[in-house]
Amino acid sequence: MAEPMVLVFGRSGQVAQALAETAPASLALDFAGRERCDLLTADPGALIQATRPAAVINAAAHTAVDKAEIEPEAALRLNRDAPAAMARACAGLGVPFVHISTDYVFDGAKAGPYVESDPIAPLGVYGRSKAQGEAEIVAAGGAWTIFRTAWVVSPKGANFINTMRRFAAERDLMRVVADQHGRPTLAADIAALCLEAARRGMAGDASLQGLFHLAGADDAVWADLAERVFADTERRTGRRPMLERITTADYPTPARRPANSRLDTGKLQAAAGWSPRPWRETVDICLAEA
Ligand SMILES: NC(=O)c1ccc[n+]([C@@H]2O[C@H](COP(=O)([O-])OP(=O)(O)OC[C@H]3O[C@@H](n4cnc5c(N)ncnc54)[C@H](OP(=O)(O)O)[C@@H]3O)[C@@H](O)[C@H]2O)c1
């Protein structure tokens, strides 16, 4: 018997690549990158109806937080309208839909880690477009899973660790923000949980349906990550840039970012039987495999 086919939106992104590397032989993943389904112009619902997958995972998004401020229509098409169409098509076919959202749906004003039931209050276009995507998925009904994740990193993707690695080789001084608190998350861990949610959903098991926070185990600020990257660069090359810890106010960006976007993962740990990874281990995996 042929393996069930899972349609994945996204192909070269961090989570999409991790899905390709993580998928078990018992599942056939069919990737739709933007060359096959450009979510700015094409209807992903039509592709779902045409290919009739056993489950759908959406790893595509408008992830450029600052650029979203100047192109809100594109952010809304990718982060609200595309997942809405996917969720409706999946509900129509009766197949599970797994989607990824963000810590940036929160404003960061809470003192502790955010749980799923905390009120959302996004600070910018990206967070608003992702929040609206969540609402559309819930409204579509069907068997949906939304994983809100944070600070995604992977050995090869476009992410903070790889940016710091590049700068470490070129610069003598790096000024890095040290007052935004979050929980770095390995793309491979997100991929594994997306696959598990799809697998359970296909088996008629609803235990991973609903909204879950999916992030690393412990807190960091961006400067902590940079420091670990620079220590690794020094071990490899003998060269280490000076690190200056600065505030968000010292480094203005077009989009405002939450000062606290720590996600509490207790609900997911209980439902999935999963343990989040400490951020130092996450960074070291990225550095070792890069
Ligand atoms: N990165 C983070 O720190 C972070 C934090 C919280 C939540 N998230 C969420 O996690 C998910 C995965 O993020 P990621 O880091 O893997 O993203 P990423 O590396 O930036 O990849 C973005 C993906 O979106 C696809 N895409 C972009 N524009 C498209 C278009 N016009 N049509 C079709 N596809 C398009 C890309 O397609 P191609 O494969 O064709 O290039 C790529 O696969 C997203 O939902 C994101 O919002 C990310």
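Analyst: Start with strands. Two strands pair if DSSP finds at least two bridges between them. Strands (E, at least two residues) and helices (H or I, at least four) are DSSP runs, numbered from the N terminus. The model is predicted: local features need pLDDT of at least 70, side-chain atom pairs count only at pLDDT 80 or more, and totals for chains, interfaces and linings use all residues. Residues are numbered from 1 along each chain as its sequence is written.

User: In what order do the 6 strands of the open sheet run?

Analyst: Read across the sheet, strand by strand. The order is E2-E1-E3-E4-E5-E10, and the pairing is parallel. Ignoring direction, neighbouring strands are turned against each other by 20 degrees on average. Axes here are lines fitted to C-alpha atoms, for helices over the stretch in contact, and angles run from 0 to 180 degrees between N-to-C directions.

User: Over how many bridges do E5 and E10 pair?

Analyst: Strand E5 (residues 144-149) pairs with E10 over 4 bridges, in the parallel sense. Phe 147 stands opposite Phe 212 of E10.

User: Which helices pack on the sheet?

Analyst: Look for contacts (C-beta atoms, placed from the backbone, within 7 Å). Helix H2 (residues 44-51) packs on the sheet and touches E1, E2 and E3. The direction of H2 makes about 165 degrees with that of E1. Helix H5 (residues 125-140) also packs on the sheet, touching E4 and E5. The direction of H5 makes about 150 degrees with that of E4.

User: Over how many bridges do E4 and E5 pair?

Analyst: Over 6 bridges, again in the parallel sense.

User: How many residues of E5 are buried?

Analyst: Count C-beta atoms, placed from the backbone, within 10 Å: 20 or more others is buried, 12 or fewer is exposed, and in between is partly exposed. In E5, 6 of the 6 residues are buried, so the strand is largely enclosed by the rest of the structure. Now take the faces. In a regular strand, side chains alternate between the two faces of the sheet. One side of E5 has Trp 144, Ile 146 and Arg 148, the other has Thr 145, Phe 147 and Thr 149, and both faces are covered.

User: Which residues touch the most other members of the largest nonpolar core?

Analyst: A nonpolar core is a set of buried Ala, Val, Leu, Ile, Met, Phe, Trp, Tyr and Cys residues joined through C-beta atoms within 7 Å. The largest one has 82 residues, and Val 15, Leu 19, Ile 57, Met 86, Ile 190 and Cys 194 touch the most other members. Helix H7 (residues 187-202) gives the most to this core, with 9 residues. Cys 194 contacts Leu 19, Ile 57, Val 98 and Phe 147, leaving aside neighbours within four places in sequence.

User: What do the buried residues of H1 pack against?

Analyst: Find the buried stretch, then its partners. In H1, Gln 14, Val 15, Ala 16, Gln 17, Ala 18 and Leu 19 are buried. The buried residues pack against strand E1 (5-9), strand E2 (28-32), strand E3 (55-58), E4, strand E6 (152-153) and H7.

User: Which residues come nearest to the ligand?

Analyst: A residue is near if its C-beta atom, placed from the backbone, lies within 6 Å of the molecule. Around the ligand there are 27 residues, of which Gly 10, Gly 13, Gly 33, Arg 34 and Ala 61 come nearest. Helix H1 (14-22) and strand E4 (97-102) are the elements that give two or more residues to the shell. H1 has the largest share, 3 residues.

User: Is Arg 52 buried or exposed?

Analyst: Arg 52 is exposed, because 11 other C-beta atoms lie within 10 Å. Arg 52 sits in the loop between H2 and E3. Its phi is positive, about 45 degrees, although Arg 52 is not a glycine. Trp 151 is not a glycine either, and has a positive phi of about 45 degrees. Trp 151 lies in the loop between E5 and E6. Trp 151 counts as buried because it has 24 C-beta neighbours inside 10 Å.

User: Where is Pro 113?

Analyst: In the loop between E4 and H5. Pro 113 counts as partly exposed, with 18 C-beta neighbours inside 10 Å. Pro 113 touches Arg 262, Leu 263 and Asp 264, not counting residues up to four places away in sequence.

Key
Two residues are in contact if their C-beta atoms, placed from the backbone, lie within 7 Å.
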